Structure formats: C-alpha cells, structure tokens
Amino acid sequence: MLNHVPIQSGRRRARHARLTLRVWLRTAAATAVMACTVAAAAPPDVQVRALFPGKALLEIDGTRVVLSEGTTGPRGVRLIDATPKAAVISIDGQRRRLSLTSRAGGTYAAATPRQMRLSPDTRGRYMSNGRINGRPVRFLVDTGADMVAINAAMADGMGLDYQESGTRIRVNTASGATTGWRVTFDRVRLGEVVVQGVDGMVLPGGAPSTPLLGMSFLGRVNLRHEGRVLVIEQH
C-alpha cells in the first residue's frame, strides 16, 4: 500500500529542512570565529633559555629566538633589558621580569616591581652607583635637574660623540649661563631600574663633578619616601 503525501506538506518539510541547515551552518561558523578569536587573544607562552648581557635566548610558543635589547620577536614579544640574571620583556605593553627558571604565558602573574632604596648621606643627599650606556658612574639624585647631566670629561671617557651628534643649547648653572650639548643616552641604569632613551646634557669643564640623575630619568619611574628612605620603583 502506497502512502500519499500531500504536495504542500512535502514542500513545507523541505523548507523546514533548508532553514534548519542554514541555522546550523550559521551557528557552526559563529562558533569557529569565536574559537579563533579566543586563540588569537591568548598571550604567547615565553620561556627564557639563556641570558647574556644585552641579549636573551627566548622560546616563544615553542620557537627559539635570540633578541637584543630593544628588539621585538614573534607575537610582539619585546626584550627591554637583559642581564646574566634576568630578562625584562614586554607583552602587549605589560612588562614581565623573567629568570631562567620562570616563564610568561596565559596564567602568569605580574612581575615584582624593580626598585632601589636609597638612604641619605650625612649631608642629606641621595647618591648611588649606576651606569650610563653601560659605563659605571656615581649618581647624585637631583629632582631639580631637568635632565641627566655629566661633564665633558666624563662624556669623552665614555666615548660619546656629543659635539657631532648632540644639539648645542644654552644652560643656566649656579656659575652662570654656559653652552652645553643635549644628547640621548641609550640606557641609564640604577641598580635593577633601567630606562632607555634618556635625554641628557653634557656640560663643558669639570661641572657637574658628580653625574646628576635628573627628571628625564626620575620622571619615568615612581618615587616615594618611606621615612627618610627614597624608594625608586619601576613596574
């Protein structure tokens, strides 16, 4: 016995089947897009494999790459600073400090801020050893100075070609007006606190006898006092 199916009923079933298929396809496509978006948003997995002065061997999502300070590798991972002890990287503008035994990935925690704690000397001054472009210096912290300042003899000893690469400027000092050179220091370090591309000043003669750590550096870190102790902190 043959079953008779009305033509209109068959058409309705066909339309319903096509509609169901379209809904399923749209849902599947949306799910795939969401999965790709989540995967793309996941931060890279970064491990430190080797550390050198100014360089680091990183493993980024399974791919090993050697980065120098200031360069960017896969997935936008940027090496900010590297020493034999640790590397500072930047991922999406957030800095992380990694040692050979640590890693950065989707579940990493924010790094502990790097800081220097300075006690005043008998004259109330805050002084500390540091480095300019890798050369050791003894800084005087001076919030009244616009820039990091050194004298010409120190600049010559560092091999800075300030007269050619610098810009001549008029400077008012305690001894009166003079002509100096405005320069850019590649890196200024105070302990574990490192700032790159720091505006500086080279002055003729022997002043300042002690390099001044001015606001071109201090303005890019956090300063606070804990009693008489000056805390210089970098996140």
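This is a chat about a predicted model of one protein chain.

Student: What does the secondary structure of the protein chain come to?

Tutor: There are 4 helices and 17 strands in the protein chain. Remember that the model is predicted.

Student: How many of the residues count as buried?

Tutor: The chain has 235 residues, and 37% of them count as buried.

Student: Okay, cores. Which residues have the most contacts inside the largest nonpolar core?

Tutor: That core has 28 residues, and the ones with the most contacts inside it are Ile132, Phe139, Val148, Val202, Leu213, Phe217 and Ile232. Several elements each supply at least two of its residues, among them strand S8 (114–118), strand S10 (135–141), helix H2 (152–158) and strand S17 (229–234).

Student: Which element gives the largest share?

Tutor: Strand S13 does, with 5 residues. As background, nonpolar side chains in soluble globular proteins tend to be buried together.

Student: Let's pick one residue. What is Ile132 in contact with, leaving aside its neighbours within four places in sequence?

Tutor: Ile132 is in contact with Val137, Phe139, Val148, Ile150, Met158, Phe185 and Arg187. There is also another core apart from the largest one, with 15 residues, including Ile60, Ala82, Ile89 and Ile91.

Student: Is the pairing of S11 and S14 parallel or antiparallel?

Tutor: S11 and S14 pair in the parallel sense, over 4 bridges. Asn151 stands opposite Leu203 in S14.

Student: And S2 with S3, parallel or antiparallel?

Tutor: Antiparallel: strand S2 (residues 55–60) and strand S3 (residues 63–68) pair over 6 bridges. The bridge partner of Leu57 is Val66 in S3.

Student: What happens between the strands in that hairpin?

Tutor: The hairpin has 2 residues between S2 and S3, and Asp61 takes a positive phi near 50°.

Student: New topic, aromatics. How many aromatic pairs does the count come to?

Tutor: The count comes to 1 aromatic pair. The rings belong to Tyr162 and Trp181, with their centres 5.1 Å apart.

Student: Why is the pair edge-to-face?

Tutor: Because the planes of the two rings are at 65°, and over 60 degrees counts as edge-to-face. The pair links distant parts of the chain, with Tyr162 in helix H3 (residues 162–165) and Trp181 in strand S13, 19 residues apart.

Student: Are they buried or exposed?

Tutor: Tyr162 is buried, at 5% relative accessible area, and Trp181 also counts as buried, at 9%.

Student: What about pockets? What volume does the largest pocket have?

Tutor: About 490 Å³. It is lined by 21 residues, and the closest to its centre are Asn172, Thr173, Leu203, Pro208 and Leu212. The largest share of the lining, 3 residues, comes from S12.

Student: Last one: is Ser90 buried or exposed?

Tutor: Ser90 is buried, with a relative accessible area of 12%, and its place is in strand S5 (residues 87–91). Not counting residues up to four places away in sequence, Ser90 touches Gly76, Val77, Arg78, Ile80 and Arg95.

Terms used:
Residues numbered from 1 in each chain as written. Predicted model: local features only at pLDDT ≥ 70, side-chain atom pairs only at ≥ 80, totals over all residues. Heavy atoms only, no water. Pairing = 2+ DSSP bridges. Core = buried A, V, L, I, M, F, W, Y, C linked by side-chain atoms within 4.5 Å. Buried < 20%, exposed > 50% of the residue type's maximum accessible area, 1.4 Å probe, protein only. Contact = heavy atoms within 4.5 Å. Phe/Tyr/Trp six-rings, centres within 6.5 Å; stacked < 30°, edge-to-face > 60°. 1 Å grid on protein atoms, 1.4 Å probe; cavity = no way out; pocket = protein on both sides within 12 Å on 5 of 7 lines; lining within 4 Å. Points joined across faces, edges and corners; volume = space filled by probe spheres on them.
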